[in-house]
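Please keep the sequence and the 3D view at hand while reading.

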Amino acid sequence: MPKHYRPAGKKKEGNAARYMTRSQALKHLQVNLNLFRRLCIVKGIFPREPKKKVKGNHHTYYHVKDIAFLMHEPLLEKFREIKTYQKKVKKAKAKKNEELARLLLTRQPTYKLDRLIRERYPTFIDALRDLDDCLTMVHLFAVLPASDRENLEVKRVHNCRRLTHEWQAYISRCHALRKVFVSVKGIYYQAELEGQKITWLTPHAIQQVFTNDVDFGVLLTFLEFYETLLAFINFKLYHSLNVKYPPILDSRLEALAADLYALSRYIDASSRGMAVEPKVDASSSSQSNDREESELRLAQLQHQLPSSEPGALMHLVADNNKEVEEDEETRVCKSLFKDLKFFLSREVPRESLLFVLPAFGGMVSWEGEGAPFKEDDESITHHIIDKPSAGHVYLSRVYVQPQWIYDCVNARIILPTEKYLVGRIPPPHLSPFVDNEAEGYVPDYAETIKRLQAAARNEVLPLPGVGKEDLEDPQNLLYAGVMSRAEEAEAAKNKKKMAAQEKQYHEELKMEITASKDVVAPMVTEDEESVPDAMQIAQENADMSTVLMSRKKRKLYEAMKIGQKKKKASVELIEQRKKKLNDAQS
Amino acid sequence: MGKKSKTSRKGKKAWRANISTEDIEDFFEKTTKDALSGGNLSGAPSEDLFHVDKSHDLPVRRKIEKHRERVLRVDSILKKNPFVQLVPSSKPKLKKSKKTIVIEEKTPKQVQKNVGDDSVMVDLWGDDVKGEDESNPRKIFKKPSIIPAVEIEHPGCSYNPTTESHQDMLAEAVAQEMQKVYKTELGPAPVPLTIEGDSLSEDERYFLDVDNFGEGEDNVLKKNPFVQLVPSSKPNLKTIVIEDKTPRQAQKSVGDDSVMVDLLGDDSKEDLRYFLEVGNVGEGEDNEDVENEVSEAGNIFARKTKRVTRVELNKRCRQKALRKKVTKEKAKEKILNEIDSLPNILEEIAREDEDKQNKHLRRVIAKEEVLKIRPPRLGKYKFEAPPVQVLLTEEMTGSLRKLKACCTLARDRFKSLEKRGILVPSKQIRRF
């Protein structure tokens with residue numbers, strides 16, 4: 001009977017048995033470091049931190065089960081195959097057999113990551129949750145210049161660009177965009193899909209630079225995985241709109257780098273022409289014929305389309321497709337820029353605005369070929385410009401800076417354009433991701449915006465029987481934040497003052513009647529006495545309630561008060577600074 | 001142990017003795033037995049010997065299964081009471097149902113091999129059945145960190161921020177820079193790779209050599225009786241040798257005088273040798289002292305200690321007993337004291353426990369808080385936060401066109417991956 005024994009050096013239990021270092025993992029899997037890195041990235045395996053690092057603090061530890069999981073991955077075999085194949089190619093080249101090398105390169109084995117995506121994200125919602133990083137990475141690579149040194153090919157960059165445009169077209173079409181924030185790093189967008197908030201960052205239209213401290217090989221592996229993921233997600237999303245994916249775009253528009261516009265037209269066209277297409281498919285047998293015919297159809301449809309009028313098309317689309325459920329927010333966003341026509345000047349961030357404006361229901365055009373309408377169109381309501389002074393000014397339109405659009409989008413109302421006119425420094429661009437009430441400090445411009453929002457809401461929803469004051473009161477409460485004891489005291493003080501003033505008035509009346517003036521002096525002192533009284537009353541009230549509480553609750557209450565005090569102190573600090581700045585400026 | 005020892009077969013006697021005839025004897029025994037019992041077994045037809053068992057008996061159970069079915073004594077006792085619900089303490093392993101169905105479903109989803117045909121894409125989540133893979137928790141991937149993938153920046157990083165938030169962000173950026181500055185300033189001075197020094201010329205080296213035998217250093221060395229200054233043959237090297245006096249031993253005789261003489265004698269023999277006296281050893285001292293001193297000088301003599309008298313021994317015993325008694329009494333008193341102050345001790349213990357618990361809690365919370373900011377230490381190098389991207393006051397123009405945007409967004413993505421613990425931070429310089 002063979003005795004069951006443990007091989008020398010293998011631990012039985014504990015942290016030593018559960019975690020292994022990177023070198024041990026490499027030996028176990030029999031791969032080299034690059035391959036191991038790629039596998040980990042693609043499989044989603046990351047190093048852990050055990051409580052006790054058996055081999056030292058300077059090693060990277062992986063869980064034994066993760067490594068065992070890697071070992072059973074068929075992609076590992078595929079990678080090894082590719083490696084051996086490349087050895088063959090290298091051998092052929094070394095033997096000066098160019099013909100063979102070329103032949104071999106054409107039949108190189110490839111791999112696909114579809115199965116891994118299905119494994120890592122079993123449901124669509126899981127994939128949506130992980131979409132942040134994916135989108136940011138793909139958007140980044142869409143603007144990077146191709147480089148031989150980093151093994152970044154032109155084809156790859158174009159693919160990324162295409163994917164980003166498809167995603168943006170979908171979000172525009174479904175009006176899923178909610179927040180935009182322009183920062184130094186780039187432009188942050190937040191959209192909401194199926195209850196998931198997806199945030200991503202897009203770089204500015206500036207030439208990106210390859211830095212020394214970034215390992216681009218690793219980033220490229222991530223990109224590979226994320227490209228596939230985004231392609232599948234786009235497919236699913238377009239599928240839900242009954243639009244064929246991958247989209248076949250008008251080549252003329254593509255050449256003019258107006259991809260987004262072309263895509264939006266494609267979506268609108270294909271969703272309108274869906275009823276017609278199946279007939280075409282059924283008639284012809286071969287696939288290539290099919291495609292040509294459908295392409296022709298599409299091109300016809302697109303020419304038939306009136307120039308970019310998403311407003312009009314919306315009704316048509318709603319008839320043909322299944323009803324796209326719209327919730328309150330989507331409706332608000334859809335109608336934000338309704339009936340407004342925008343024209344973008346050349347120096348304005350075109351791609352970003354071409355994405356944002358249709359997402360909120362507006363119609364856009366720009367300078368250049370293939371644009372829906374020209375600069376001298378009469379019905380343009382707003383001309384977006386970023387120069388210090390506008391050249392030729394049309395009187396029928398407003399010339400604004402691009403920040404106006406972003407601020408309107410964040411506030412969900414059309415803000416007054418006076419502050420954003422050409423040549424002025426616009427008011428500060430606030431971040432929509434910050435909850436002002438929670439911070440306790442509301443910047444001035446935010447308050448202005450709030451008042452405007454309240455005003456807009458008043459006009460839009462006239463409340464019967466409810467006066468304007470009631471609407472203002474909750475707003476006031478919001479402004480004030482938490483009701484504190486000091487405010488109570490103030491309120492009491494005010495009341496007392498009012499009472500005192502009334503009294504004084506009566507007294508004065510009496511005075512006039514009796515014509516004696518000595519009564520005035522004691523009134524004043526009484527007032528002063530009543531003020532501390534108010535404070536005392538407030539204090540007494542507070543004491544009463546604290547006495548009734550249990551010790552635990554009292555301690556909690558005191559802790560809460562300390563927290564509030566800290567917040568107030570920081571807010572006061574900010575206000576003092578503001579005062580100082582104002583004084584310094586004036 | 002079981003093998004038969006190979007004995008030699010030389011010689012007639014040996015030959016006879018060493019051949020075993022066991023097999024012949026066995027054969028004879030067997031045949032006689034068969035004859036007596038009624039036939040050879042191998043000759044018998046198989047039907048007589050075997051028959052196929054068609055009964056449905058219980059199969060032989062594996063030892064492990066038998067073991068598992070055994071009920072613990074505890075459980076058997078509990079079972080006797082009908083009102084007690086049994087919770088069996090030994091649970092047999094649940095068989096994990098193999099999901100072969102899932103694998104079969106996956107194959108039609110594979111995209112076709114021809115790379116150029118992009119139109120053949122399948123909806124990966126098309127026939128999504130909810131909760132399909134819940135039984136296989138390995139497939140549900142956990143996120144490595146609670147830090148979100150895309151972190152929104154502070155409002156002060158806006159391209160046109162409010163003054164207050166901008167000041168806040170500037171303060172943070174300045175703090176980051178100042179930390180670096182302080183680290184270099186206040187830390188220990190780094191060890192320099194090279195030190196500036198003048199090279200010595202040969203003449204100077206000679207002077208240095210001479211210096212050793214000059215007056216200054218000598219006095220210090222003279223005080224130590226065992227140090228002998230020896231210039232070696234090479235002018236560059238100086239050696240200070242501490243010699244043991246072994247070469248002297250050979251010439252040593254019992255009396256001290258001769259020792260002295262020898263030592264002095266050696267001295268006179270060689271040039272440039274400073275020899276330091278051992279110490280004034282007078283002639284009138286005890287033999288023992290001289291011997292002790294001589295032994296101090298390093299000689300290994302058999303040490304003769306003083307003879308211990310009975311008086312001395314008794315004294316020692318008495319003192320030892322006394323000491324024992326004192327320590328015992330002290331220990332007893334201590335225990336009594338401790339018993340008296342027992343409630344105090346209990347209080348102290350309770351306080352210490354509470355302190356420990358609080359400390360532990362604080363540490364756990366601190367660790368969790370830290371995890372929200374940076375990743376745990378995963379490798380050799382620490383994670384270094386990227387610099388805050390904020391506009392300087394002079395760069396703030398409020399115009400989108402003139403914005404000096406960040407052109408190293410790749411670094412931001414890379415650092416985000418490191419921060420979440422997916423990548424391990426590695427060497428600073430990556431390429432050249």
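## The parallel sheet

Four strands of chain A make up an open sheet with parallel pairing, in the order β7-β6-β8-β9; strands are DSSP runs of E with at least two residues and helices are runs of H or I with at least four, both numbered from the N terminus, and two strands pair if DSSP finds at least two bridges between them. At the edges stand β7 (363–366) and β9 (398–400) of chain A, each with a single partner strand, so one side of each has no neighbour in the sheet. Neighbouring strands are turned by 25 degrees against each other on average, direction ignored, where axes are lines fitted to C-alpha atoms (for helices, over the stretch in contact) and angles run from 0 to 180 degrees between N-to-C directions.

Strand β8 (residues 382–384) of chain A is joined to β9(A) by three bridges, the two running parallel, and Ile384(A) stands opposite Val400(A) in β9(A). Helix α19(A) packs on this sheet and touches β6 (341–344), β8 and β9 of chain A, its direction making about 115 degrees with that of β8(A); contact here means heavy atoms within 4.5 Å.

## Basis of the model

The model is predicted, so local features need pLDDT of at least 70 and side-chain atom pairs count only at pLDDT 80 or more, whereas totals for chains, interfaces and linings use all residues. Residues are numbered from 1 along each chain as its sequence is written, chains are lettered from A and ligands numbered from 1 in the order in which they are written, and side-chain values use heavy atoms, with hydrogens and water left out.

## Trp404 in helix α19

Trp404(A) lies in helix α19 (residues 402–411) of chain A and is buried, with a relative accessible area of 0%; buried means under 20% (1.4 Å probe, protein chains only). Leaving aside neighbours within four places in sequence, the contacts of Trp404(A) include Phe342(A), His382(A) and Tyr420(A).

## The antiparallel sheet

A second open sheet, of three strands, has the order β3-β4-β5 (chain A) and antiparallel pairing. Five bridges join β3(A) to β4 (residues 186–193) of chain A, and Lys179(A) stands opposite Gln190(A) in β4(A). Helix α10 (residues 154–174) of chain A packs on this sheet, touching β3, β4 and β5 of chain A, at about 55 degrees to β4(A) in direction.

Methods
Buried means under 20% relative accessible area, exposed over 50%, partly exposed in between (1.4 Å probe, protein chains only).
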